[in-house]
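User: I have a protein model open and want to go through it residue by residue. Please answer briefly.

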Amino acid sequence: MPKLPPGLSSKDFQGAIGQFEAAVGKEWVFTSDEDVALYRDSYSVFLGEPEEIVASAAVAPDTVEQVQTVMKIANTFKVPIFPISTGKNLGYGGSAPNLSGSVVLDLKRMNRVVEVDDKRHFALVEPGVSYFDLYRYVHERGLKVLLDLPDPGWGSPVGNSLDHGVGYSTGEMRDHFGSHCGMEVVLPNGELIRTGMGAAPSAKTWQDYRYGAGPYIDGMFSQSNFGVVTKMGFWLNPLPDAYRMGTVTVPKHQDMIPLVDVRNYLENSGITNGMPQLGSPVYGRQFAPPDPELGAMMTKPGGATPAELEEYAARKGRGYWSCGLQFYGPEKVIAAQWEYAREKFSSIPGAKFEEGPSYKFPLTPEQIEKSHKVTVGVPDLSIFTIGARSPFNANPSHGHVWFSPIVPRTGQAILDAQKVFADASRETGLPLLAGPAPLPATYYKRAFIFIFGIMVSTDPVVNKKNREAFRNVIRIAAEKGFVEYRTPPAFQDDVVATYSFNNHSLLRFHETIKDAIDPNGILAAGRYGIWPTAMRAKRA
Ligand code: EUG
């Protein structure tokens, strides 16, 4: 027996299933336990517990018209619907809904690449297109574009951008929502709209100019439950001539402050266009055991002082902090940019430079094999070795959820955040796994994100403890000004509650919109804290 949504009769559920079958074909409506189980969040923090949020069924349309019909049927029978693209949002909820008993609207059959233009540099795709699909399309045709890719290649450009996901190439393209242009959306009542120039039937600029005339509403459809996006445009990088990397290391703990100032100047000026990553070479390689001398220094009462670590780093010839700069463009231009960057970093006494790899596009298979593939435009899945058994990890995890607060882009904020997260980890018992000196990820051009993977266990006792600690860490971090950009359904009410300016007026505005456009509350109820009227009382 499926777990039905609150208040829905078995008769109405069966009525809806029958009409879904008539709309999309019987073979594309999934109701058996084993089929529906495939939509469970395999990284759920409620894994196997009665509270695990599970779907009742799934329906997989092939066309926009079928999506519209599904929404109309759902309104007739008041059946909650939860749309997914490729359904691989692992660590942030996977393919499971926010409300148990929802019917998953699985869009992975809608996997058409509508268009890729390598003169104006854009793509138009359906939600079921994965990064692998788009890569294959581009390479079979020899199109001169570089895809911006996240770590999981089986993800979808549409789904990833709607969840505010990111990638690894140029600053403009790494923000996947920020680099989209134009949408087609099925509203909760089944009405179809196109945004921007797509609303003008004669316009040939849907993927060139994003605003059209009047309000710019695309943002409403990200991390929300206001519509089902059925097509989306993306700006693409032209295929560059070359890629190069260079690394600067600085010797002192406090050098983090000028290091970040200089890298910000270079990035905001467009002198470095790749992702300028931060590292802490003093601690050696992450996920490797520290050398015994360093280990003893760090585990003595009070831990290692910055002065001790500076002396140790100098003796080992390592540097204390590092910043890896990456450049895409013509060889001569990026050589000059790197030279200028070295000049700027030389204002920090003791700065040292290391030449990174340097490649011409297209890379040879050997060069691709040696690279972080997604940085050079090749989709991949190797990130999923994270938490796997290794010489340094005897206890592989079952999965993970991400704790991902946004942090200001200054060196001082990094040093402050390291202390806040270390204290919060000690206070809550939540193992924030990012080494002795966690550093922020730099995907977003204008903000840092600290990303901590919290391991999910198959043991409910461990998961229960970590869930409570996770909620406390959200609160503690928010009190210090470090607020999350994205979270799994289990924590969405908690995170949204930290966006509390003027007595939560933003959430109330979202609720006003929800009531107006989805009076039956059937689309993705609860997503990012936006519940239908009848369910608001149960909110945390
Ligand atoms: C990653 C990237 C994310 C995120 C969680 C994890 C990558 C991990 C910024 O986007 O939210 C290696």
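User: How far is a polar side-chain atom of Y485 from an oxygen atom of the ligand?
Analyst: This is a predicted model, so the distance is computed from predicted coordinates. Y485 is among the residues that surround the ligand. Its polar side-chain atom lies from a ligand oxygen atom at 2.5 Å.

User: Which residue has a side-chain N or O atom 2.4 Å from an oxygen atom of the ligand?
Analyst: The residues around the ligand include D151, V166, I383, W402, Y443 and R486. I449 and I451 are also among them. The side chain with an N or O atom 2.4 Å from a ligand oxygen belongs to Y92.

User: Which element gives the largest share of the lining of the second largest pocket?
Analyst: Two elements, α9 (306-316) and α12 (411-428), each supply at least two lining residues. The largest share is nine residues, and it comes from α12.

User: How many cavities of 30 Å³ or more are there?
Analyst: Empty space shows up when a probe the size of a water molecule is rolled over the atoms. The largest cavity holds about 150 Å³. The second largest cavity holds about 110 Å³. The count of cavities of 30 Å³ or more is three.

User: Which elements give two or more residues to the lining of the largest cavity?
Analyst: The largest cavity has a space of about 150 Å³. Of its 15 lining residues, Y131, D148, F234, W235 and L236 are closest to the centre. The lining divides into 11 nonpolar, three polar and one charged residue. The elements that give two or more residues are α4 (131-140) and β10 (228-235).

User: Which residues lie nearest the centre of the second largest cavity?
Analyst: The lining of the second largest cavity has 10 nonpolar, two polar and two charged residues. It is made up of 14 residues. Nearest the centre of the second largest cavity are D41, S44, I53, P489 and A490.

User: Is helix α14 largely enclosed or open, and how many of its nine residues are buried?
Analyst: Helix α14 covers residues 489-497. Its buried residues include P489, A490, F491 and Q492. What covers the buried residues includes α13 (460-479), β20 (483-484) and α15 (501-517). α14 is largely enclosed by the rest of the structure, because its buried residues number eight of the nine.

User: Which side chain makes a polar contact of 2.9 Å with the side chain of N98?
Analyst: N98 sits in the loop between β3 (81-84) and β4. It counts as buried because its relative accessibility is 8%, under the 20% cut-off. Its side chain also reaches the backbone oxygen of G526 at 3.1 Å. The side-chain partner at 2.9 Å is Q492.

User: Is D106 buried or exposed?
Analyst: D106 lies in strand β4 (residues 103-106). Leaving aside neighbours within four places in sequence, it is in contact with Y39, V59, A60, P61, I84 and S85. Its relative accessible area is 2%, under the 20% cut-off, so D106 is buried.

User: What distance separates the C-alpha atoms of L325 and N273?
Analyst: L325 is in strand β14 (residues 321-329). It counts as buried, at 0% relative accessibility. Its contacts beyond four places in sequence include R244, L266, W338 and F345. L325 and N273 are 52 residues apart along the chain, and their C-alpha atoms are separated by 8.5 Å.

User: What is omega for the cis peptide bond between F361 and P362?
Analyst: P362 is in the loop between β15 (352-360) and α11 (365-370). A cis peptide bond joins F361 to P362. Omega there is about -5°.

User: What is phi of H504?
Analyst: H504 is placed in helix α15. It is partly exposed, with a relative accessible area of 28%. N502, also found in helix α15, has a positive phi near 50°. H504 is a residue other than glycine with a positive phi, near 60°.

Conventions
Residues are numbered from 1 along each chain as its sequence is written. This is a predicted model: local features need pLDDT of at least 70, side-chain atom pairs count only at pLDDT 80 or more; totals for chains, interfaces and linings use all residues. Side-chain values use heavy atoms; hydrogens and water are left out. Helices (H or I, at least four residues) and strands (E, at least two) are DSSP runs, numbered from the N terminus. Buried means under 20% relative accessible area, exposed over 50%, partly exposed in between (1.4 Å probe, protein chains only). Contact means heavy atoms within 4.5 Å. A residue is near a molecule or strand if one of its heavy atoms lies within 4 Å of it. A polar contact is a pair of N or O atoms within 3.5 Å; within protein, one must be able to donate a hydrogen and the other to accept it, and residues adjacent in sequence count only if both atoms are side-chain atoms. On a 1 Å grid over the protein atoms alone, a cavity is a set of points where a 1.4 Å probe fits but cannot get out, and a pocket is an open set with protein on both sides within 12 Å along at least five of seven lines; lining residues have an atom within 4 Å of a point. Grid points are joined across faces, edges and corners, and a volume is the space filled by probe spheres set on the points. Ala, Val, Leu, Ile, Met, Phe, Trp, Tyr, Cys and Pro count as nonpolar, Asp, Glu, Lys and Arg as charged, and the others, Gly among them, as polar.
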